[in-house]
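Hello,

Here is the structure you are taking over. Please open it first, then read the notes below it.

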Amino acid sequence: MADNGDDDSHCRIKEGDYVVLKRGDIFKAAQIQLKKKVIFEKQWIYLDNAVGHFYRTTFEIGSGGTLLLKTPKEMESSTAAKEAGADNRNIVDDGKSQKLTRDDIEMLKEQGLKGQEIIQQLIDNSSTFKDKTEYAQDKYIKKKKKKYENTVMILKPSCRILAMMYHGREPGKICHLRHDTLAQMLTLANIHAGSKVLVFETCSGLVLGAVMERMGGFGSVIQMYPGGEPLRPGVDSFGFPSHFRDMLHEFPICHVNALLTGTLNTKTKDPSIDSEKSVLTAKDVQQNKADVEQQGSPEEQSREASSVANTSDDQEKEDREKRKEAKAQERKAKQEEKRKKMAAAAALLDGRNADGLVIAGRFHPCPVLLGLLKFLAPSRPFVVYSQHKEPLIECYTKLKEVGGTVSLRLTDTWLRHYQVMPNRTHPLLLMSGGGGYLLSGTTVAVDHSKPAGSLRAEEPAPKRLKLTNTEG
Amino acid sequence: MSFVEYSDHIQDGDTAIIYLGHDSMMPVKVQHGAQTQTRYGAIRHSTDLIGKPYGSKVTCSKGGWVHVLHPTPELWTVTLPHRTQILYTTDIAMITMMLELRPGSIVCESGTGSGSLSHAILRTIAPTGHLHTVEFHQQRAEMAAQEFKEHRVDHLVTVRNQDVCKDGFGVVGVADAVFLDIPSPWEAVKHAKAAMKKQGGRVCSFSPCIEQVQRTCEALADQAFEEISTLEVLLRVHDVRTASLPLPDFGSDPTETSEKTAADSAPKQTNVTSQDHDAAPRDPGSHLGTSPSPPNPEPNGRNRENVSSRRF
């Protein structure tokens, strides 16, 4: 391609990039910052040397935590031992097959020997290695490699990698949402560029980030958040380009009812916001007071020392007043911004023509789903994740009662990995249940013939009577 | 309508999905003056569909009614005309994530088959990505191209009628991801590598037999692919229904009055059923006015869904 040079720069690690470190099946998100220590797998690493290299490069961790480029030659196993036994009938576990002692190995490590070399030493000093079958030798080397090879691969973050990372490291923070379940969610909700998607999640921003990745900066995402501020620590790890921020909107879930009933007024100051604002300001004032006191004390101390010389008390007061005013101004600006953001989000929601709804988290999904479904246009998909099946059963039953949805499905997925090797292919592990459950469906136009719900309420009654009649 | 962009109203030339009940849907090419027969009667496109919003309830000639849904790749997967075995949504979801597809991705696929995965890929990579799909069966290739045109996604896809194992994907050094669903994927691995960007990319191969997987893994390792992983995803669909289990009769207990035991057990049972009460009366068959008893004896969610959508 003509713009290959440009392409290249996208694939190279730059300072400030959000990356994911990988060793074996273990991941860790990090940011490339010069001269900054990162701890990974009980080791301190400096990522400085990674800058300029391609993503997916494997590095060896040298002394002092610096990264050394691993040459492809070293990657290949150097074990040329072609001698191998046929079975283990003569292999006895006497605990003495390894002639190197623990201290010897420690010494080798201290000498700064590379992992590869230590492994070779271990093999050379194992009396049983040559009698092991070819497969057992492979397995032995693999095991030692895992322990002594000090390598780390640097990856570009993606929803695949981050979902696996979160599930491996902090499953509690994402409500045990397994990556295959997240994959189903994105597909079932038909997440794609150009749509308007509502997201309510308490999964550290993983689900939000995944949705944003699939939309590629086109369209809009409205994050419905509980509490005072939207929490999305995981979104940063995706390392999105800055323009992705433009499609991200936020709306506090506590104002949903007001918005639905039309009492939410974001243009002029309405009572609900005002009351919230006043609460906030009260809180802020308190916080600020604390801040001022904390910040003030050392300053004051130093000032006190100098004040003996010339500063008058008046001036100090003036200064403090000024600072207070500036803070108040800042706070006002922040609140104004928050109000603007909410107004923008409210305007997006007001049309009640959103294209998709994704719910995942620790809140009971039932009221969330019933509330937020009202913002969806007809014939749009929605998906709800829950770690447990029971709340989704409740949702299912409720949705059937309320109507306005079709194609309801309660599902979960099982994921099985396989080891595929010559003559040694077998399933690895079966994960089940732990990956959580999904309720998905499609909205349809609500029937206008029964806006009061009278028909529906009345209709089943005779049926029920009939049933009891026939039964009785 | 387009498979990569929602629109509110049904227009002439659209592909709409008629929802007849749970697991019962059909695609319809909307045309002025055309009619579609369903088991609830005929739908006249000019009056019943064109101009109506997606998601509307449409009353058919026999008085029954259906919902008209906006097409999505997922709905298309369960309604499309099969020309081959197809990939279903569960696998497609996993493939999309593991291949790291997103808007702007350049993807190579072979074979096109019935286009089930193709539509899902196109949805995900639009509006800036591109799909290069290869199908060696001439008729299938033509039909797929025709469908892409009808679904207004043809600007995002190039269909090539050639043998991927011999001739590759027809592009070199452009792909972010390659997907193989062919009988001998190991023969196409080198072409997959050639099609990929020089900075690398991701590849996925779908095979029913473990022997095929084995050979593919070897070929991948030979071509210096790394991080090879093999997996299987299984979908479980749960029926939501109320189960009530009969209580065994232990005979009369001399220490307790029999009346009391009966009183004890009775409310328990109703408690269990109460959760489902609202859905229960809407049993299948009732709206048809044919038989009072459900045609299908299993009182599961499927039946219930079927009916709740047709009651007016």
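Helix α4 of chain B (residues 116-125) is largely enclosed by the rest of the structure, because 10 of its 10 residues are buried. Buried means under 20% relative accessible area, exposed means over 50%, and partly exposed lies in between (1.4 Å probe, protein chains only). Helices (H or I, at least four residues) and strands (E, at least two) are DSSP runs, numbered from the N terminus. The buried residues of α4(B) include Ser116(B), His119(B), Arg123(B) and Ile125(B).

A word on the source: this is a predicted model, in which local features need pLDDT of at least 70 and side-chain atom pairs count only at pLDDT 80 or more, while totals for chains, interfaces and linings use all residues. Residues are numbered from 1 along each chain as its sequence is written, chains are lettered from A and ligands numbered from 1 in the order in which they are written, and side-chain values use heavy atoms, with hydrogens and water left out.

Chain B as a whole

Chain B has 312 residues, of which 51% count as buried. Its secondary structure consists of 10 helices and 12 strands. A contact means heavy atoms within 4.5 Å. Of the contacts in chain B between residues at least 6 apart in sequence, 60% join residues at least 24 apart.

One residue in chain B is worth a look. Asp181(B) sits in the loop between β10 (177-180) and α7 (189-195). Its relative accessibility is 29%, so Asp181(B) counts as partly exposed. Leaving out residues up to four places away in sequence, Asp181(B) touches Leu87(B), Ser110(B), Gly111(B) and Phe206(B). Asp181(B) and Phe206(B) are 25 residues apart in sequence, and their C-alpha atoms are 5.1 Å apart in space.

Chain A

Chain A contains 16 helices and 15 strands. Of its 472 residues, 42% count as buried. For contacts in chain A with a separation of 6 or more, 68% are between residues 24 or more positions apart.

Which helix of chain A holds Asp313(A)? Asp313(A) is in α12 (residues 313-350). Asp313(A) has a relative accessible area of 64%, and therefore counts as exposed.

Regards
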